[in-house]
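Here is my notebook from an afternoon with one protein model.

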Amino acid sequence: MEQEVKQNYIEAGLVVQKAREKAREVAVPGTNLGVIAEEIENLIRDEGLEPAFPVNLSINDQAAHYSPGINEDRVLERSDVLKIDIGARKDGYIADTALTINHSGEHSEMIDAAEDVLAKALEFIEPGKTVGELGTFIQNQVSEEYNVVRNLTGHYIEQYTQHAGVSIPNIANASNHVIQEGDAFAVEPFLTTGSGKIKNGKKGNIYIRQKGKVRGRAERNLLKKIEKFQGLPFSSRWLEMGPRERIALKKLVSADAVKHYPVLKEVEEGTVVQAEHTILVGVDDGDNIVTTRP
Ligand code: MN
Ligand code: MN
């Protein structure tokens with residue numbers, strides 16, 4: 001792997017490590033979710049990088065893809081099980097990481113279990129192993145008390161591409177894809193008290209550019225603003241929209257020029273926890289570097 005590429009991944013990783021600390025600091029009961037997201041995103045910008053995607057703040061049976069909107073009114077509660085998913089990019093190279101917090105203390109075991117599964121998976125990874133073997137290993141680390149979410153996966157990462165084709169399932173699977181030195185990917189087990197399946201819920205304020213074309217001036221101007229996200233997911237909060245632009249955004253969505261992501265929810269409304277790190281395989285004298293972990 002090129003030295004410069006490696007350094008970019010490492011630098012993005014160091015910034016999200018700081019962002020994880022900030023997340024633990026600001027995600028306290030009584031705080032508006034919009035404040036939590038912006039404090040974390042602003043830390044990334046203050047460090048000279050850009051968020052790779054809007055901070056996801058998904059609560060309880062929401063597994064992923066909720067990010068606060070422009071006029072967010074949800075306040076974090078003590079009982080909430082909050083997944084904080086954070087990404088930063090340096091020259092398009094992405095560090096993707098997530099943690100789960102709960103201030104009631106009632107979900108600590110499940111949160112620790114997810115972190116433990118992730119830590120063991122990161123140890124298991126080495127060049128020559130297949131994605132199928134990794135999935136089987138991950139599934140075997142999960143105790144019978146919990147179900148692993150079967151239809152959410154980790155993913156390979158490429159420059160300006162958060163989900164780069166090859167998925168990293170958290171269950172036994174038939175993938176013969178061989179893990180190689182220099183590979184960059186995110187490992188992210190999700191555990192739940194539910195049945196272990198995710199479905200689409202309401203829309204969650206996260207968008208991404210699609211190929212659809214539009215003609216109106218307001219829509220084209222808004223698309224120009226959207227180009228600066230380089231094809232990565234973005235938040236409506238990042239667009240500084242007036243009333244006309246809000247209508248334009250809706251038109252972009254109906255024209256498939258922009259996709260509006262639904263929140264992902266557990267089908268049985270089970271509580272979901274997540275742990276995630278990004279890894280560079282075998283590039284430090286044969287050792288793995290977990291870019292998002294000290
Ligand atoms: Mn993530
Ligand atoms: Mn990820």
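This is a predicted model: local features need pLDDT of at least 70, side-chain atom pairs count only at pLDDT 80 or more; totals for chains, interfaces and linings use all residues.

**Entry 1**

Which residues coordinate the manganese ion (ligand 2)? I found Asp-96 (OD), His-155 (NE2), Glu-188 (OE) and Glu-276 (OE), at 2.1 to 2.2 Å. Donors here are N, O and S atoms within 2.8 Å of the metal (3.2 Å for Na, K and Ca), and since water is not among the atoms, sites may look incomplete. Along the chain, the donors of this ion (ligand 2) follow the spacing D-x58-H-x32-E-x87-E. Asp-96 sits in strand β5 (residues 93-101) and His-155 in strand β7 (residues 153-156), so the pair ties together parts that are 59 residues apart in sequence. I checked how these elements are assigned: helices (H or I, at least four residues) and strands (E, at least two) are DSSP runs, numbered from the N terminus.

**Entry 1: the first manganese ion**

Asp-85 and Glu-276 are both buried.

How far apart are the two manganese ions that Asp-96 bridges? They lie 3.1 Å apart.

**Entry 2: helix α3**

I followed helix α3 (residues 108-124), which has 17 residues and reaches 24 Å from its first C-alpha to its last. That is close to the 24 Å expected at 1.5 Å a residue, where the expected span is 1.5 Å times one less than the number of residues. I marked its buried residues, among them Met-110, Ala-114, Val-117, Leu-118 and Ala-121. Seen down the axis of α3, the buried residues fall within an arc of 170°, so they line one face of the helix; the arc is that of the directions from the helix axis to the C-beta atoms. A reminder to myself: an α-helix has 3.6 residues a turn, so residues three or four places apart point the same way. On the other side of α3, I found Glu-109 and Glu-123 exposed.

**Entry 3: α5 against α6**

I looked at how helix α5 (residues 217-227) packs with α6, and the angle is about 85°, with their axes 9 Å apart. That makes α5 roughly perpendicular to α6. Axes are lines fitted to C-alpha atoms, for helices over the stretch in contact, and angles run from 0 to 180 degrees between N-to-C directions. Angles under 35 degrees count as roughly parallel, over 145 as roughly antiparallel, 65 to 115 as roughly perpendicular and the rest as oblique. The residues that meet include Leu-222 and Ile-226 in α5 and Leu-249 and Leu-252 in α6; contact means heavy atoms within 4.5 Å.

**Entry 4: around β12**

I found Leu-232 in the loop between α5 and β12, and at 3% relative accessibility Leu-232 counts as buried. Leu-232 and Thr-161 are 71 residues apart in sequence and 6.9 Å apart in space, C-alpha to C-alpha.

Gln-230 lies in the loop between α5 and β12 and has a positive phi of about 60° although it is not a glycine. I had read that most residues other than glycine have a negative phi. Is Gln-230 buried, exposed or partly exposed? At 41% relative accessibility, Gln-230 counts as partly exposed.

Methods
Residues are numbered from 1 along each chain as its sequence is written. Chains are lettered from A and ligands numbered from 1 in the order in which they are written. Side-chain values use heavy atoms; hydrogens and water are left out. Buried means under 20% relative accessible area, exposed over 50%, partly exposed in between (1.4 Å probe, protein chains only).
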